[in-house]
Amino acid sequence: MKLSHFNLTFPAELLAEYPAENRDESRLMVVNRKTKTIEHKMFKDIIDYFDDGDVMILNNTKVFPARMFGNKEKTGARIEVFLLRELNAEQRLWDVLVDPARKIRIGNKLYFGDDDSLVAEVIDNTTSRGRTLRFLYDGSYDEFRKKLTELGETPIPKYITRDVTEEDAERYQTIYAKEEGAVAAPTAGLHFSKHLLKKLEIKGINFAEVTLHVGLGTFNPVEVEDLSKHKMDSEELKIPQLACDIVNNAKINKKKICCIGTTSMRAIESSVSSARALNPFEGWTNKFIFPPYDFSIADCMVTNFHTPKSTLLMMVSAFCGHDLMKKAYEEAIKEKYRFYSYGDAMLII
């Protein structure tokens, strides 16, 4: 398939600027691949589609407050610094994006906080907007990380044009987030409330936790018509033995295995044995899933409604079937579902 197959359009007013009032009361479109039918439910109704022994695979990554604002030395120009990944803890080196980038050169210093209590020096250019910063801070490493958290803000997507609120710090995070390292939320998981998770647990659904630290590369535009030539950025991945045991046992017993989100799906498809079992893994993945693709583990998935031409939409198309995916998106537009990170959800069975 080509890039142009994924050029969907939808009305701008369907873009969700805020989350639903209650996590599990967003809408849920249920798409059945076998019958080609579509149902309209509430997210909390997801419990009706699973039984004792079924498994949900959760990405337990935790978003850190990656967006910071500093002032350039001498000119005082306001510069946005987006923390991507820590390169060296001891030297306090970070891979970042800066905006506006044209003003930031090697040797420049940036000052953060009302009292300029944190200073960073630009020591390298990595891409057009990418820089390597060395943070200059006298305190301990724990104090330094605490300072980054204090000065950073929740990195809600740029298409949300409003100011970041205190609510975003809580709602742009799954309730099962544990392992800090993502700069974007695994948004399909945002719909789960503590109450719903407890009800699923009581019904006998098992949860397998993996960690895929979502990077901004997930959202990089695809700029080649031939999808086989697109390269994904690598993201850090950890699949523990416990998750493998839970998933493989369910597979042996012919139970449903549901990936919560495209990141969970990428995670498990990055470490599959020749016998189509899930293997433990610790490292990095640049797995890119697009049609046609033979999925090895999961037989259902939960996902949000994604941007046109995105790698996320391509994965959903591969799993759902392209024609059915297009039909589902047309239905979502007609029924005024809410799109993107804070939007509604789709269960593909």
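Two strands are taken to pair if DSSP finds at least two bridges between them; strands (E, at least two residues) and helices (H or I, at least four) are DSSP runs numbered from the N terminus. The model is predicted, so that local features need pLDDT of at least 70 and side-chain atom pairs count only at pLDDT 80 or more, whereas totals for chains, interfaces and linings use all residues. Residues are numbered from 1 along each chain as its sequence is written, and side-chain values use heavy atoms, without hydrogens and water.

Strand β5 (residues 67-72) and strand β8 (residues 109-112) pair in the antiparallel sense over three bridges, with K72 opposite L110 in β8. Both strands belong to a barrel closed by six strands in the order β5-β6-β7-β10-β9-β8, with antiparallel pairing.

Side chains of opposite charge can pair when their charged atoms come close. The structure holds 16 salt bridges, each a side-chain nitrogen of Lys or Arg within 4 Å of a carboxyl oxygen of Asp or Glu. One of them joins K256 and D54 at 3.9 Å, N to O. This pair links distant parts of the chain, 202 residues apart: K256 lies in the loop between α4 (241-252) and β14 (257-260), and D54 in the loop between β2 (37-42) and β3 (55-59). Relative accessible area (1.4 Å probe, protein chains only) defines buried as under 20%, exposed as over 50%, and partly exposed as in between. D54 counts as buried because its relative accessibility is 4%, while K256, at 30%, counts as partly exposed.

A further salt bridge connects K178 with E209, the closest N and O atoms being 2.9 Å apart.
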